[in-house]
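The exercises below are meant to be worked with the sequence and the three-dimensional model side by side.

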Amino acid sequence: MEVKSVKERNTELMMHSVKFAKDEQARRKGQEILFKWPDIEKQLGEHKHIYVVDARLGSNNHTHRLWYDVIPPHTEEGQEWRGLGHRHTVEAIIYFLKGKGHSIIDGVRYDWGPGDLLSVPMFSWHRHVNDGDEPVLRIASTTGPLSLGLGQAVYEDERYPEFWIYAQEGEDARKTLIPGGGGSIENGKVGNNRAAEMYAEQVAFAMHEEQLRRDSKVLVKQKDLVFEPTAMGNLAYVVDPRIGFHAKALGVVMAEIPPDKRSGAHRHLYDEINLIVGGKGKVIVEDKTFDFDTLDVLSIPVFQWHQYFNTGTEPLRILGINTRLAMDNLGLSLTHQGEHADYV
Ligand SMILES: [Fe+2]
Ligand SMILES: [Fe+2]
């Protein structure tokens, strides 16, 4: 085996850093953008759960993923769940397209139907139940890839206690929304100086975080969405910390474009996945055009210009799920606005 000198290895590692962004641009250009509903539907009929945008399947999206799934009538996700359900250290969004049912999240019941959306607070135990005679069709998006990259992807499922990391440590460990939590908010207070105060704040941080998660909004009913004109067109913010959610990574907006009109054009440093919830249209992504229909999914590559056009006769509604909040918190947010929408 060839043994590299320290000098050779250093050069190789440095050039990896120098070249990475240029290589990444090429990978973004090669990213698959359009996922057609008829192809997804065919597979869903047999498998009930289809990953659509996922880095493990070759997507260049590093921060979130999206899948479709079906919950058959009068059953629940994770068929054998009876109590806790599951919890995970990812932020999760669920949008219901068909059917009706309820979820139990951190012990609270939420009833939902088509067009409703759940923002599941980080590490809260949850279950989703189909109460109706029709199958529930939904999409879910999580920050799984981001958590995996951070090495902090904990997924505790009541069916697999042998893989629990924290929940087996007792009732406190099971109730908390903080992995390994249950500490005292007061326990770090020693001394009367600025450093001691700062350290005590650090110790108290997670317990405070838990409270904020419990105070967060969880359910958004379709009828409560408020659309307002913006440079990008008519937008409703669905999940955002500025409207009562304790979201740090995953945000959601809904865009509405009337027939024969177009949205604004923009590009940004965050990942974006779109679900077409109504109507049909086309999107221009840099120099390529894609025609889409209801229930298709679009994965928009980082920092590529994109603009949407309604080519149908119905209002075009697009659910945009993005990791802008994660990038804000990393200090890596940038949005460039281009042409404005032509109808506001
Ligand atoms: Fe979940
Ligand atoms: Fe966008």
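**Exercise 1: A hairpin and its turn**

I105 stands opposite V108 in β7. Task: state how many bridges join strand β6 to strand β7, and describe the turn between them.

Before the solution, some conventions apply throughout: this is a predicted model, in which local features need pLDDT of at least 70 and side-chain atom pairs count only at pLDDT 80 or more, while totals for chains, interfaces and linings use all residues. Residues are numbered from 1 along each chain as its sequence is written, chains are lettered from A and ligands numbered from 1 in the order in which they are written, and side-chain values use heavy atoms, with hydrogens and water left out.

Solution. Begin with the strands, which are DSSP runs of E with at least two residues, just as helices are runs of H or I with at least four, both numbered from the N terminus. Strand β6 (residues 101-105) is joined to strand β7 (residues 108-112) by five bridges, and the two run antiparallel; strands count as paired if DSSP finds at least two bridges between them. Next, look at the turn: two residues lie between β6 and β7 in this hairpin, and D106 has a positive phi of about 50 degrees.

Now compare the hairpin of β18 and β19. Strand β18 (residues 281-285) pairs with strand β19 (residues 288-292) in the antiparallel sense over five bridges, and K282 has D291 as its bridge partner. This hairpin has two residues between its strands, and E286 takes a positive phi near 55 degrees.

**Exercise 2: The surroundings of D116**

Task: decide whether D116 is buried or exposed, and find which backbone nitrogens lie 2.9 Å from a polar atom of its side chain.

Solution. First place D116, which belongs to the loop between β7 and β8 (117-120). D116 counts as buried because its relative accessibility is 5%, where buried means under 20% relative accessible area, exposed over 50% and partly exposed in between (1.4 Å probe, protein chains only). Then examine the polar contacts, which are pairs of N or O atoms within 3.5 Å; within protein, one must be able to donate a hydrogen and the other to accept it, and residues adjacent in sequence count only if both atoms are side-chain atoms. A polar atom of the D116 side chain lies 2.9 Å from the backbone nitrogen of G113, and a polar atom of that side chain also lies 2.9 Å from the backbone nitrogen of Q222. Finally, with contact taken as heavy atoms within 4.5 Å, and leaving out residues up to four places away in sequence, D116 touches I94, Y95, F96, L219, V220, K221 and Q222.

**Exercise 3: The iron ion**

Task: identify which atoms coordinate the iron ion (ligand 1), and work out where the donors lie along the chain.

Solution. Donors are N, O and S atoms within 2.8 Å of the metal (3.2 Å for Na, K and Ca), and water is not among the atoms, so sites may look incomplete. The iron ion (ligand 1) is coordinated by NE2 of H86, NE2 of H88 and NE2 of H126, at 2.2 to 2.3 Å. Along the chain, the donors follow the spacing H-x1-H-x37-H.

**Exercise 4: V239 in its sheet**

Task: locate V239 in its strand, and name its bridge partner in β15.

Solution. Seven strands form an open sheet with antiparallel pairing, in the order β1-β20-β17-β22-β15-β14-β13. At its edges stand β1 (34-35) and β13 (228-230), each with a single partner strand, so one side of each is left without a neighbour in the sheet. V239 is in strand β14 (residues 233-239), which five bridges join to the antiparallel strand β15 (residues 251-257). In β15, V252 is the bridge partner of V239, whereas V253, 14 residues from V239 in sequence, is 6.8 Å from V239 in space, C-alpha to C-alpha. V239 counts as buried because its relative accessibility is 1%, and residues touching V239 include I93, L117, S119 and F245.
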